Structures are given as C-alpha cells and as structure tokens.
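Let's take a friendly walk through a protein model. Have a look at the picture, then read on.

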Amino acid sequence: MTSFARIRLEAQGPVARLTLARPEVRNAFDDVLIGELAEACATLRARAERGADGAPRALVITGEGSAFCAGADMNWMKRSVQWSREENEADARRFAAMLRGLDELPLPTIARVNGACLGGGMGLISCCDVVVAVENADFGFTEVRLGIAPAVISTFVISKIGPAAARRYFLTGETFKAAVARDIGLVHEVTAPGALDVAVDRLLEALHGNGPTAVAAAKRLVREGLALSREESIENTVRAIAVLRASPEGQEGLGAFLGKRPPSWKR
C-alpha cells in the first residue's frame, strides 16, 4: 500500500485498515490529512474496480491513540482566517470531495470509533456503511462553538440521522455519548472498550460471506435510492437485479446455493 505521513493504510488479507495517525492532536483534520485520505480512497477504488488479486473486500477506519477524530486542527483553522473567500471555497471543496470519495467507495466500510469523534469526524463516520463505537466515546457537531457550522459534512450527515436530529445537534453543539449516537442512527453498535475489535471482526466475517460485486451493488442502490425519484428508483433497481443475475458472480452464487456448496468467495 501507499506510504503516507498522517495516516496508515495497511492490507491484511481481504481487509484494508486505515488509521488516522495524528494522536498528538487527537487525529484532527488538516489539509494534508484530507489530501492523504482522498488519495487512499482513490487507491482503494482503483484496486476494487480492477478486481486485482488480493484487492481488499472491506475497509476499517479508526484512530490512533485515545480519540477517533477530534474535528479540525486549530492551526489549519487559523490559516483559513487569512484566506480569501475563493481560497476557502477551494479548501472546503477538497474536503467535500474526500468525503464523497469515501461515501462512494465500492467496498464496505466500517468505522471503528475508539474514542472522541467531533466536528469533521462526524462527517467521516457518516460516510461509512457501519459504525461501531465504544460506549464512552464523545460525539458532537461542535462547529457552532467556533462561530461556524457543520456545512460540508451536512450533505452526508443529514441523510444518515435525518433532519430532526440535525436540527437539534447542529444548533446546540452539545456533546453526547455513543448510546445517543446509536439512538439517532449515527452509530450501529455500542460496545465496551475491550469488545470493540470483537464486534468489528464479527462484521468482517459476515461481509466475507457475501459476493463482493453484490455488496458493492447493494451499497450503490442505497445511495442512489435516496437521490432518485420514485419512478427512477424503481427502474434503477430493475436494471440492477438484471445485471447481477446475469453476472458471473450472480450465476456462481445461485448455482452454489442450488447445489448446496459454498461459492468461491466463502472458501
């Protein structure tokens, strides 16, 4: 895998693991980290789309140290005060492009939230398919405390938690624990600190039992279904199932089921 300064991207069999590696600032975002995350997503996408031997079947994202991601690096924010509106727009556009790249990655993503997740970190986990968090992790859309708003991440967050929760937590900036994050749909599972990896490994095992092309298609259907009209969505699903049934993976999967044998991706 590619070498980076602020993240680690490692392949372990069918699983890629991406670690935010700035524990000295609680894995806060800056422009360099955002660029590296964008490059990592592009690398993973290229490998997945090529179907290269050994291409990852899933991605796990976590943070080094005691936090997952504490939001924006204050030194980065201080620099932005000196930028023009056009420079700020370009910077925000790069952040949005990175989040979109993660959101549209054609393989399942699991956020392993090992500690505090604030500000931009909330956007990061909103772009992941499954989120598992330790029970003592703090969450919050804390941008309003700095006189700004959770603007760029809102596209990805609102589709996950809905407008009702967004209208409260975007405005109050209050922090809350993992149980509340689960209640509003931001987190799927809450664990004790010592059980976090057990939960992640269980999810990886479940994913490994599924056809990789089918998983990518299922992920795409969810995303497209939110954006299309009712008629467009129905037509999109009709085309999708026809392609999947006729694909080599679909043919193998259905044949294996009828023949009561495991398909190749489960062996």
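## Before we start

This is a predicted model, where local features need pLDDT of at least 70, side-chain atom pairs count only at pLDDT 80 or more, and totals for chains, interfaces and linings use all residues. Residues are numbered from 1 along each chain as its sequence is written, and side-chain values use heavy atoms, with hydrogens and water left out.

## The sheet

Four strands line up as β4-β6-β8-β9 in an open sheet with mixed pairing. (Strands are DSSP runs of E, at least two residues, and helices are runs of H or I, at least four residues, both numbered from the N terminus; two strands pair if DSSP finds at least two bridges between them.) Since β4 (67–69) and β9 (175–177) sit at the edges with a single partner strand each, one side of each has no neighbour in the sheet. From one strand to the next, the twist averages 20 degrees; for such angles, axes are lines fitted to C-alpha atoms, for helices over the stretch in contact, and angles run from 0 to 180 degrees between N-to-C directions.

Now zoom in on β4: this strand pairs with β6 (residues 116–118) in the parallel sense, over two bridges. C69 has C117 of β6 as its bridge partner.

Nonpolar side chains tend to be buried together in soluble globular proteins. Here, the largest nonpolar core has 62 residues, and F29, L59, V113, L124 and F139 have the most contacts inside it. α5 gives the most to this core, with eight residues. (Such a core is a set of buried Ala, Val, Leu, Ile, Met, Phe, Trp, Tyr and Cys residues joined through side-chain atoms within 4.5 Å; buried means under 20% relative accessible area, exposed over 50%, and partly exposed in between, with a 1.4 Å probe and protein chains only.)

I148 lies in the loop between β8 (138–140) and α5 (151–172). With a relative accessible area of 42%, I148 is partly exposed.

Most residues other than glycine have a negative phi. Which way does phi go for R26? R26 has a positive phi of about 55 degrees, though it is not a glycine. N27, not a glycine either, has a positive phi of about 60 degrees.

R26 belongs to the loop between β2 (15–20) and α1 (31–50), and N27 is also placed in the loop between β2 and α1. Are they buried or exposed? R26 is partly exposed because its relative accessibility is 41%, while N27 counts as buried because its value is 0%.
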